[in-house]
Amino acid sequence: MSLLGWILVFTAASALLGVLAAAGVLLLSDRAISRLVPRLVSFAIGTLLGAAFLALLPEALLNPVREDPRPVTITLLAGILAFFLLEKFLVWRHCHVAGCEAHGQEFETARQAAAGSLIVVGDAIHNFVDGVLIGAAFLTDVRLGMITSLAVIAHEIPQELGDVAVMLHAGFGRARTLAFNIGASATTIIGGVVAYYALQSVQWIVPYVLAVAAASFIYVPIADLIPGLHRRTEPWATFEQVSLISAGIAVIALVGSILH
């Protein structure tokens, strides 16, 4: 399969699974969602951190081998700061857990159509960037592309659950919510194609794109996902969270060893 073929397959898979997650949540009760989302979030934290530290960063630093790693690590730090600023200005604002404390006000105001529209726009931007990251990873190595896609997909499912909940509270209705979700998910494929044609001729920039991807995969769990887990302080909940985070890291490590 050609490189573009790999990118199309995996960005389409990410988009499709996001749509299926959205469709699935439309069939679930509120109680079922509240039980499922925290577990998916814990697993997603593990896959994102595992992909960042076990795949993206090593590849950015070592392929090609660089005598001075500081430009890449500076890019990583700049990326983390950039994602902080983007979230501050509501461009990169997603609530990953229904009713989470950090975005509680969003859920209160999400009854208004404007709030639901903000979620749709933000989701489309987020998915486009995910597609770019997947494309950049495949341009470096097919194995890295698969690992990155797995982390994106694992993160996409709990994100879509939260986004759909916001749109439903905004009064979009089930059919309209699904239609908007399909449109937003399709931007993942567009991002992958843009990355293939834009980055092919400037391969030297790919390691820096991978560093930005790693920054995203580090910032989102630490800033948006992990704080929500601290709301549950019972020993059993902590054990469950650690186990699922470890399982997510283990899956990334296993996939990397199999594809190596």
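Author: Along the sequence, the chain follows the pattern α-α-α-α-α-α-α-α-α. That is nine helices and zero strands. The model is a predicted one. The chain has 260 residues, of which 48% count as buried. Among contacts with a separation of 6 or more, 83% are between residues 24 or more positions apart.

The part to look at is the pairing of α1 with α7. Two packed helices are described by the angle between their axes and the distance between the axes. Helix α1 covers residues 3–25 and helix α7 covers residues 174–199; their axes come within 9 Å and cross at roughly 165 degrees. Angles over 145 degrees count as roughly antiparallel, so α1 is roughly antiparallel to α7. The crossing in which α1 passes α7 is right-handed.

On the α1 side, the contact is made by Leu3, Leu4, Ile7, Leu8, Thr11, Ala12, Ser14, Ala15, Gly18, Val19, Ala22 and Ala23. On the α7 side, Leu178, Asn181, Ile182, Ser185, Thr188, Ile189, Gly192, Val193, Tyr196 and Tyr197 take part. By type, the residues of this contact divide into 15 nonpolar, seven polar and no charged.

Gly145 and Ile7 are 138 residues apart in sequence, yet their C-alpha atoms are 8.0 Å apart in space. Gly145 lies in helix α6. Its relative accessible area is 0%, so Gly145 is buried. Not counting residues up to four places away in sequence, Gly145 touches Ala137 and Phe138.

In soluble globular proteins, nonpolar side chains tend to be buried together. Here the largest nonpolar core has 47 residues, and those with the most contacts inside it are Ile45, Leu56, Leu199, Leu210 and Phe217. The elements that give two or more residues to this core are α1, α2 (30–62), α3 (70–88), α5 (113–140), α6 (142–169), α7, α8 (206–229) and α9 (235–259). Helix α8 gives the most, with 13 residues.

Leu56 shows what such a position looks like. Leaving aside neighbours within four places in sequence, Leu56 is in contact with Ala51, Leu144, Thr148, Leu210, Ala213, Ala214 and Phe217. Two of these partners, Leu210 and Phe217, are also listed among the residues with the most contacts inside the core.

Ser42 is found in helix α2. With a relative accessible area of 1%, Ser42 is buried. Apart from neighbours within four places in sequence, Ser42 is in contact with Leu229, Gln241, Leu244 and Ile245.

Methods:
Residues are numbered from 1 along each chain as its sequence is written. This is a predicted model: local features need pLDDT of at least 70, side-chain atom pairs count only at pLDDT 80 or more; totals for chains, interfaces and linings use all residues. Side-chain values use heavy atoms; hydrogens and water are left out. Axes are lines fitted to C-alpha atoms, for helices over the stretch in contact, and angles run from 0 to 180 degrees between N-to-C directions. Helices (H or I, at least four residues) and strands (E, at least two) are DSSP runs, numbered from the N terminus. Angles under 35 degrees count as roughly parallel, over 145 as roughly antiparallel, 65 to 115 as roughly perpendicular and the rest as oblique. A crossing is left-handed if the near helix is turned anticlockwise from the far one by less than a right angle, and right-handed if clockwise. Contact means heavy atoms within 4.5 Å. Ala, Val, Leu, Ile, Met, Phe, Trp, Tyr, Cys and Pro count as nonpolar, Asp, Glu, Lys and Arg as charged, and the others, Gly among them, as polar. A nonpolar core is a set of buried Ala, Val, Leu, Ile, Met, Phe, Trp, Tyr and Cys residues joined through side-chain atoms within 4.5 Å. Buried means under 20% relative accessible area, exposed over 50%, partly exposed in between (1.4 Å probe, protein chains only).
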